[in-house]
Amino acid sequence: KVVAKTDGLKTLFTDGPVRPSVLHGDLWSGNYGGSPHGAVIFDPAVYYGHHEAEWGMAWCAGFNRAFWEGYREVIPEAPLFRKREPLYEAYHKINHYNLFGGGYLNEGLDLLSELLRD
């Protein structure tokens with residue numbers, strides 16, 4: 001249904017070009033920390049994708065408001081980001097269901113249903 005409603009997801013990406021970025025791929029609170037030299041990220045599952053896709057794991061990363069404000073100073077929020085955000089999160093929730101079971105599947109499906117709303 002989502003693919004049909006969004007013309008193969010194309011209508012979600014009409015607000016500018018998507019340039020591949022190197023993504024961590026598993027950025028949650030257990031995979032970042034601090035050191036005397038600054039922030040550290042580790043245990044990546046690296047891939048290329050739209051930079052926004054990284055934030056599909058934000059639900060378990062624990063980033064605070066200051067983080068998001070700083071991030072948006074560097075990369076302003078694209079006009080359709082909030083529309084795409086459930087897609088990115090659904091990917092990770094459904095992947096978590098594959099790995100761990102539980103309620104992740106229903107959470108992922110609920111997120112996908114958000115893409116069907118006008």
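Predicted model: local features only at pLDDT ≥ 70, side-chain atom pairs only at ≥ 80, totals over all residues.
Trainee: In which sense do strands β2 and β3 pair, and over how many bridges?

Mentor: Strand β2 covers residues 32–35, and strand β3 covers residues 38–41. The pairing between these two strands is antiparallel, and the count of bridges is 4.

Trainee: How many residues lie between β2 and β3 in the hairpin, and which residue in β3 stands opposite Tyr-32?

Mentor: The two strands, β2 and β3, form a hairpin, and the number of residues between them is 2. Across the pair, the residue in β3 that stands opposite Tyr-32 is Ile-41.

Trainee: Is Trp-68 buried, partly exposed or exposed?

Mentor: Trp-68 has its place in helix α2, which spans residues 65–74. Buried residues lie under 20% relative accessible area and exposed ones over 50%. Because the relative accessibility of Trp-68 is 24%, this residue counts as partly exposed.

Trainee: Which residues does Trp-68 touch, leaving aside those up to four places away in sequence?

Mentor: Tyr-32 is 36 residues from Trp-68 along the chain, and their C-alpha atoms are separated by 15 Å. With residues up to four places away in sequence not counted, Trp-68 touches Trp-55, Ala-58 and Phe-63.

Trainee: Which residues form a nonpolar patch on the surface, and what is their accessible area together?

Mentor: One member, Val-22, is placed in strand β1, residues 21–23. Val-22 counts as exposed because its relative accessibility is 57%. The patch consists of Val-22, Val-46 and Tyr-48, whose accessible area together is about 360 Å².

Trainee: Is Arg-84 buried or exposed?

Mentor: Arg-84 is located in helix α3, which runs over residues 81–100. The cut-off for a buried residue is a relative accessible area under 20%. Since Arg-84 has 1% relative accessibility, the class is buried.

Trainee: Which side chains are joined to that of Arg-84 by polar contacts of 2.8 Å and 2.6 Å?

Mentor: Not counting residues up to four places away in sequence, Arg-84 touches Leu-12, Phe-13, Asp-15, Glu-52 and Ala-78. The polar contact of 2.8 Å joins the side chain of Arg-84 to that of Asp-15. The polar contact of 2.6 Å joins the side chain of Arg-84 to that of Glu-52.

Trainee: How many residues apart are Asp-15 and Arg-84?

Mentor: The side chains of Asp-15 and Arg-84 meet in a salt bridge, with an N to O distance of 2.8 Å. This pair links distant parts of the chain, with Asp-15 in the loop between α1 and β1, Arg-84 in helix α3, and a separation of 69 residues.

Trainee: Why are Arg-65 and Glu-69 separated by about one helical turn?

Mentor: Side chains of opposite charge can pair when their charged atoms come close. The side chains of Arg-65 and Glu-69 meet in a salt bridge at 3.6 Å, N to O. Arg-65 is exposed at 67% relative accessibility, and Glu-69 is partly exposed at 46%. The separation is about one helical turn because the two residues lie in helix α2 at a spacing of 4 residues.

Trainee: Which residues are linked in a network of salt bridges?

Mentor: A search of the whole structure finds 8 salt bridges. In one of these, the side chains of Arg-82 and Glu-77 meet at 3.0 Å, N to O. Glu-77 counts as partly exposed because its relative accessibility is 35%. The network links Arg-72, Glu-77, Arg-82 and Glu-85.

Trainee: What is the phi of Asp-7?

Mentor: Asp-7 lies in the loop between α1 and β1. Its relative accessible area is 46%, so Asp-7 is partly exposed. Most residues other than glycine have a negative phi. Asp-7 has a positive phi, near 50 degrees.

Trainee: Where is Asp-43 found, and what is its phi?

Mentor: Asp-43 is found in the loop between β3 and β4, the latter being residues 47–49. Although Asp-43 is not a glycine, its phi is positive, at about 55 degrees.

Technical notes:
Residues numbered from 1 in each chain as written. Heavy atoms only, no water. Pairing = 2+ DSSP bridges. Buried < 20%, exposed > 50% of the residue type's maximum accessible area, 1.4 Å probe, protein only. Contact = heavy atoms within 4.5 Å. Patch = residues over 30% accessible without salt bridge, like charges linked within 9 Å, V, L, I, M, F, W, Y side chains within 5 Å. Areas by Shrake-Rupley, 256 points an atom, 1.4 Å probe, with all protein chains shown as cover. Salt bridge = Lys/Arg side-chain N within 4 Å of Asp/Glu carboxyl O. Polar contact = N/O pair within 3.5 Å; in protein donor to acceptor, adjacent residues only side chain to side chain.
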